[in-house]
Amino acid sequence: MLHLQDCTFFTRKEILRLFDRYRDLAPQLVPLDYTDQPDVRLPYELIGSMPELKDNPFRQRIAEVFSEDGEGNMTLDDFLDMFSVLSEMAPRDLKAYYAFKIYDFNNDDFLCKSDLEKTLNKLTRNELTEDEVRMVCEKVIDEADLDNDGRLSLEDFQHMIVRAPDFLSTFHIRI
Amino acid sequence: MSFDDKKHIRGQVLALKSFKKSRQLNCFSDCSTTVSLAFRRCGANMTLAKQTLELWRGTMKEVGGKFGTGVLSYFKFLKWLLMFNIFSFLVNFGFITIPQLIYHPTPDIPAGVSFKGLEILTGAGYFSHTVMYYGGYSNKTQGTGGRSEYNMQLAYFFTVAAYMVLCGAALIYSMASSFRKKYVLADSGLGGAWQLLCSWDFSVTNEKAVRQRKNNLRIQLKESLSEKVQVALLPLTERLKHYGVFLGTWLLSTGMALGCGASVYFLSSSGSLLEEAATLLLPFVVSLINLVVPLFYSLFKKIEHYSNPRMQVYAIIVRNVILKMSILGILCYYWMKDVANTFSCWESIVGQALYRLVIMDFLFIMLGSFFGEFLSNVIGTKCIQSLGVPEFDVARNVLDLIYAQTLAWIGIYFSPLLPVIQIIKFFILFYLKKVSLTQNCQPPRRAGRAAQMQTIFIAILFFPSFVGALSMVAYTVWTLPPSDKCGPFRGLNTTFSAIQIWMDDLNRVDAFQWTVWIYQHVIRSEIFYFLISLIILVFIYIFRQITQGRQLLITLLRQQIVNVSSGELSGLTCLVHQSCCVRSGCVYVMMLLKCWNNIFS
């Protein structure tokens, strides 16, 4: 418990509460006693059905980024890690790092045009025309790409986040 | 980094530490790590304790989840203002009212005046002889002489002064920190990128809300795509027409504000308002103006075409602020000039007028909530389907809060227990707005710039609102003669003479000569303020130059990133050329040297 408290941004009471939430998702899979560190993974479907995540357009990417196996199946540590980064107390750089990974659909450490297009489609329910999608993505890359290589690296993304003061409060899930 | 990696690293660090421990008996670093860890855990426990005591935490979470950060900022602002009022109440009650109640437990009410129900609305009658207003306080030094003496005059003055100074300091601090975090770094040119990547609110959990936000984002993106095309295409005649329309609407709105101010002045000086029920007419008219005229202002939206939708919000805010402040300004002028010379216990009269304004404002906010939100919802969903569910107008509601708080700040001197009414009002308002919001409204369509709006609201709270209230109270204390027959300062020339008398008293005691010296040579001398202003101006100039230099440096460094990544040496010569054209040389010479090192190392 103490090492969990040190490695996340939560207090003891919050960790216990999160553990109860984790357990409620699948009471028959998760044991009450975690001292011998059992290897329990909850499948993505259960995580994605949580009320805080079920309407979020990025829930699948969030689960994939924070899970160890990259498929969305989370252990308790992954679960706590996820909500710790998405809580109010996480610093901006950490949130920017994970937000970048969430938007990076093809996991190549760059936000290329196809990543931006997928992000845009998730955010607008596929209702923009092809032309509009292309124009918006081009505009984004024009504005944010500092080193002119046609795609956004982590530094470009962080630079943009520094100038968006709302980011800390929007990249936040309350649990 | 996955959790296992973190655990692995932590395990390695612990192993290293225990290895070191077995080799050296150096317990100091171990102690310091344990101590810092203990502090961190203690801090976590204190945060936990603070969270359980925090007011309305669950409600704010719920509102933020359904309606987003913009609407949540209204409720946070309300809670912050409530804290100001609670502090004011504690300070006033503790230092002014309790001593008065101890020495004069029953108020001396003249015969024939009894409590009728109307006092709750008008504040006059029975209340005007109690400790609610300035007139209810005595001017004698309480106590049995010798040990426990309590000088009511000094207590009253210093309590009000200390509260105003602390409020001012708190406002300046939050304004500066909000400005630094949210305004200086934000760039207005980040339309598309910001909207796409940073503006999605992850905390929204309601399916309907999510769908609405997606729609709004789509509409905003479409708008911003078409905006750029539009601006370039306007011919000169069109632009002249737009400027003409702007001039017309601004003249009209300022004229309406001044006209309302003049009518309030004539109404208040008409003199027929001295019976109890008729005194309610003035606050009624003021609140009616505050409710109806902003609706007119929002009609101007249809005629004007601002290129930037944010400018429209700013225009509405500025117009509303001009209206409210001009009405308050006219009322203050009337109180300072006419009431102070006409009535015998004029501070209590002013206190009563403020009480009525506060109560009437509260009633009108409730009515406004009913008509503005509930009825709009009914009309929008059942009768005229095209209107839809009303939006929660954050700007208008925050301006109402600022107006209410201005009234409370003006009333600090005239009615020490006015914060009680304000506290009750804000409490009820919180729950009322929350219920109205959840039943009737949808989140605002423009997702945006909640942080910048927050800065603007705090700035409005400081500049016209707090500074205005402070200047009015300061003018009263410094120049106006207090009334003869009631209040703690009766018989003096001005309220400030109480301090002068106290200083004269202290002068006779040797031990306090330093206080008298400070008073005479620092507070009362003009040279001191002149020097302070000069020093502050010099510092502002220096910091501004530093800021400008840094901005120039940022531009050049950005160019360097482009040049380095595309590997062009010619970029370097361009940089050299640019830096020669720049004023302050040494910073850029340093940067050049850095460039040179990077390329050739």
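**Entry 1: a salt bridge in chain B**

I began with B:Arg396, which is partly exposed at a relative accessible area of 29%. Its side chain meets that of B:Asp393 in a salt bridge, 3.8 Å from N to O. I looked up B:Asp393 as well: it is partly exposed, with a relative accessible area of 36%. I note here that the model I am reading is predicted.

**Entry 2: chain B as a whole**

I stepped back to chain B. I counted 20 helices and two strands in it. The chain has 601 residues, and 42% of them count as buried. I then looked at contacts with a separation of 6 or more in chain B. Residues 24 or more positions apart account for 76% of those. The accessible surface of chain B comes to about 32,400 Å². Carbon and sulfur atoms hold 68% of that surface.

**Entry 3: chain A as a whole**

I turned to chain A. I found 10 helices and zero strands there. Read from the N terminus, the elements run α-α-α-α-α-α-α-α-α-α. The C-alpha atoms fill a box of roughly 55 × 30 × 25 Å along the principal axes. Of the 175 residues of chain A, 54% count as buried. For contacts with a separation of 6 or more, residues 24 or more positions apart make up 55% in chain A. I noted an accessible surface of about 7,700 Å² for chain A, with 48% belonging to carbon and sulfur atoms. Chain A carries 21 positive and 37 negative charges.

I looked at A:Glu64 and A:Arg61 next. Their side chains meet in a salt bridge at 3.0 Å, N to O. Both residues lie in helix α4 of chain A, residues 59–66. They are three residues apart, about one turn of the helix. An α-helix has 3.6 residues a turn, so residues three or four places apart point the same way. Is A:Arg61 buried or exposed? A:Arg61 is buried, because its relative accessible area is 5% and the cut-off for buried is under 20%. A:Glu64 is partly exposed at 22%.

A second pair is A:Asp55 with A:Lys54. Their side chains form a salt bridge of 3.3 Å, N to O. A:Asp55 is buried, with a relative accessible area of 13%. A:Lys54 counts as partly exposed at 41%.

I also found a network of salt bridges. It links A:Lys113, A:Asp131, A:Arg134 and A:Glu138.

**Entry 4: charged patches**

Which residues gather in a patch of positive charge on the surface? I listed A:Lys13, A:Arg17, B:Arg57 and B:Lys61. The elements giving two or more residues to this positive patch are α2 (12–25) of chain A and α3 (57–67) of chain B. B:Arg57 sits in helix α3 of chain B. It is partly exposed, with a relative accessible area of 30%.

I stayed with α3(B) for a moment. Its buried residues include B:Thr59, B:Met60, B:Val63, B:Gly64, B:Gly65 and B:Phe67. B:Gly68 follows α3(B), with a positive phi near 95°.

The negative surface patch I looked up is formed by A:Asp39, A:Glu68, A:Asp69, A:Glu71, B:Asp4 and B:Asp5. Of these I checked B:Asp4. Helix α1 of chain B, residues 3–23, holds B:Asp4. B:Asp4 is partly exposed, at a relative accessible area of 36%.

Two elements give two or more residues to the nonpolar patch: α17 (513–523) and α18 (526–566) of chain B. Which element gives the largest share of the patch? I found that α18(B) does, with six residues. B:Tyr529 lies in helix α18 of chain B. It is partly exposed, with a relative accessible area of 44%.

**Entry 5: one distance**

Last, I looked up A:Ser114. It lies in helix α7 of chain A, residues 113–124. At 33% relative accessibility, A:Ser114 counts as partly exposed. A:Asp142 is 28 residues from A:Ser114 in sequence. In space the two are 15 Å apart, C-alpha to C-alpha.

Conventions
Residues are numbered from 1 along each chain as its sequence is written. Chains are lettered from A and ligands numbered from 1 in the order in which they are written. This is a predicted model: local features need pLDDT of at least 70, side-chain atom pairs count only at pLDDT 80 or more; totals for chains, interfaces and linings use all residues. Side-chain values use heavy atoms; hydrogens and water are left out. Patches are made of residues with over 30% relative accessible area and no salt bridge: like charges are joined within 9 Å, nonpolar side chains (Val, Leu, Ile, Met, Phe, Trp, Tyr) within 5 Å. Accessible areas come from the Shrake-Rupley method with a 1.4 Å probe; for residues, only the protein chains shown count as cover. A salt bridge is a side-chain nitrogen of Lys or Arg within 4 Å of a carboxyl oxygen of Asp or Glu. Lys and Arg count as positive and Asp and Glu as negative; His and the chain ends are not counted. The place of a charge is taken as NZ of Lys, CZ of Arg, CG of Asp or CD of Glu. Helices (H or I, at least four residues) and strands (E, at least two) are DSSP runs, numbered from the N terminus. Buried means under 20% relative accessible area, exposed over 50%, partly exposed in between (1.4 Å probe, protein chains only). Contact means heavy atoms within 4.5 Å.
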